[in-house]
Amino acid sequence: MNFFENLENIPSVEKMPGFHGKFSHTERMTLAKWRIEAGSILPQHNHEHEQLVILLRGEFEMKVGEEVKICKPGDIVKIPSMAFHSGKALTDCEIIDIFQPVREDFK
C-alpha cells in the first residue's frame with residue numbers, strides 16, 4: 001500500500017456529466033474529491049456504502065430521503081447505507097466524499 005498521495009498527482013475522471021473526480025482508496029474506504037460544474041445533476045440513487053459529503057466550495061442542493069438542504073462550504077451530509085439521495089450543483093462546487101466500504105466502481 002502506498003501510504004502517501006497528493007491530490008494534484010491523481011488523474012481526474014469524469015464519472016458522470018459535470019462530475020470530475022479524483023479517488024484514493026484504502027482496504028475499507030474510498031475518498032473522492034469532486035469538481036462539479038454548475039447545473040450538474042446527481043440523479044437519485046442509493047448504494048450499500050455509508051457516505052460523508054463535505055462541501056468545500058460553492059452551493060450544492062442535496063436531498064437525502066425526503067429532506068432537502070442547500071449546502072454551503074463547511075456543511076457535512078451524513079448518508080446512511082441504502083438511503084436514497086440526489087443533488088444539483090447550484091454553482092461550481094468542490095466536494096469531498098468518504099465512502100465505507102471501498103467503492104470498487106471508482107477504482
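Author: The account below begins with the basis of the model and then turns to the core and the loops.

The model is predicted, so local features need pLDDT of at least 70 and side-chain atom pairs count only at pLDDT 80 or more, while totals for chains, interfaces and linings use all residues. Residues are numbered from 1 along each chain as its sequence is written, and side-chain values use heavy atoms, with hydrogens and water left out.

The largest nonpolar core holds 19 residues, and those touching the most other members are Trp34, Ile36, Phe60, Met62 and Ile95. At least two residues of this core come from each of β2 (19-25), β3 (30-36), β5, β6, β8 and β10. Such a core is a set of buried Ala, Val, Leu, Ile, Met, Phe, Trp, Tyr and Cys residues joined through side-chain atoms within 4.5 Å. Buried means under 20% relative accessible area, exposed over 50%, and partly exposed in between (1.4 Å probe, protein chains only). Strands are DSSP runs of E with at least two residues, numbered from the N terminus. In soluble globular proteins, nonpolar side chains tend to be buried together.

Ile36 is in contact (heavy atoms within 4.5 Å) with Gly18, Phe19, Phe60, Ala89, Thr91, Asp92, Cys93 and Ile95, when neighbours within four places in sequence are set aside.

Two loop residues deserve attention here. Glu59 sits in the loop between β5 (50-57) and β6 (60-64); because its relative accessible area is 29%, Glu59 is partly exposed. Beyond neighbours within four places in sequence, the contacts of Glu59 are Ile70, Cys71, Lys72, Lys88, Ala89, Leu90, Thr91 and Cys93. Between Glu59 and Ile95, 36 residues apart along the chain, the C-alpha separation is 10.0 Å.

Leu90, in turn, belongs to the loop between β9 and β10, and its 35% relative accessibility is why Leu90 counts as partly exposed. Not counting residues up to four places away in sequence, Leu90 touches Ala38, Glu59, Phe60, Glu61 and Ile70.

Two backbone features complete the account. Met82, in the loop between β8 (76-79) and β9 (85-89), has a positive phi near 70° although this residue is not glycine. A cis peptide bond with omega of about 5° links Gln100 to Pro101, and Pro101 lies in the segment after β10 (93-100). Most residues other than glycine have a negative phi, and most peptide bonds are trans.

Definitions and conventions. Helix = DSSP H or I, 4+ residues; strand = E, 2+ residues; numbered from the N terminus.
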